[in-house]
Amino acid sequence: MIPIRRAPASSLSASGFGSSWFALCVAFALHIVDEASTGFLAVYNPTVMALRARWTWFPMPTFQFREWLVMLLMACGLLLCLTPVAARGMRGLRPLAWAFAVIMFLNGLGHTLFSILGRTVASVTFSRPAPGFYSSPFLLAASLWLMFRLRRTARVDFQLPSGN
């Protein structure tokens, strides 16, 4: 009897979460454009200042538009550059992927909740919807997809593609 040699499952399909990672990066980029074009900092900065007045330990900074935009674009660009690593399912990227997915999910929920309430804190109100609301469904969907792929690929070991 001739032994049958099976080819190992492709690391790109078996353990990868590249498509969902890429989708969340695109949703994040759309969200940056949405926030920048709808005056997000006019709501964010007063909210942070109100929370600092109430709790002096509150750790969030305030931003000028340019520094805020450059910081977000750099973060989004760096995350986008990690797409090939995510496509291979590299184990070391998984904690960052979970953090990225959870933060973006909470971000989308926050914009949705604040749109419903019409305020962030009692002293900071705005006309509805909240700045950044329109891209929130994309953040929610893409982050859920990434979480799903991360759970689905949790038991698959990362393998470098072989030259066989």
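**View 1. The largest pocket of the predicted model.** The largest pocket of this predicted model has a volume of about 800 Å³, a pocket being an open set of points on a 1 Å grid over the protein atoms alone, where a 1.4 Å probe fits, with protein on both sides within 12 Å along at least five of seven lines. Of its 27 lining residues, E35, F40, Y44, M60 and N107 are the closest to the centre, and lining residues are those with an atom within 4 Å of a point. Two or more lining residues come from each of α2 (18-37), α3 (41-54), α4 (65-81) and α6 (94-117), with α6 giving the largest share, 7 residues. By class, the lining has 20 nonpolar, 6 polar and 1 charged residues.

**View 2. The packing of α6 against α7.** Helix α7 (residues 136-152) packs with α6 at an angle of about 150°, their axes lying 8 Å apart. The two helices are therefore roughly antiparallel, a term for angles over 145 degrees. The contact of α6 with α7 has 14 nonpolar, 6 polar and 2 charged residues by class.

**View 3. The fold as a whole.** The protein has 7 helices and 2 strands, which follow the pattern α-α-α-α-α-α-β-β-α along the sequence; helices are DSSP runs of H or I with at least four residues, and strands are runs of E with at least two. Of the 164 residues, 37% count as buried, that is, under 20% relative accessible area with a 1.4 Å probe.

Residues are numbered from 1 along each chain as its sequence is written, and side-chain values use heavy atoms, without hydrogens and water. Local features need pLDDT of at least 70 and side-chain atom pairs count only at pLDDT 80 or more, whereas totals for chains, interfaces and linings use all residues.

Key. Points joined across faces, edges and corners; volume = space filled by probe spheres on them. Nonpolar A, V, L, I, M, F, W, Y, C, P; charged D, E, K, R; others polar. Axes fitted to C-alpha atoms, helices over the stretch in contact; angles between N-to-C directions. Parallel < 35°, antiparallel > 145°, perpendicular 65-115°, else oblique. Buried < 20%, exposed > 50% of the residue type's maximum accessible area, 1.4 Å probe, protein only.
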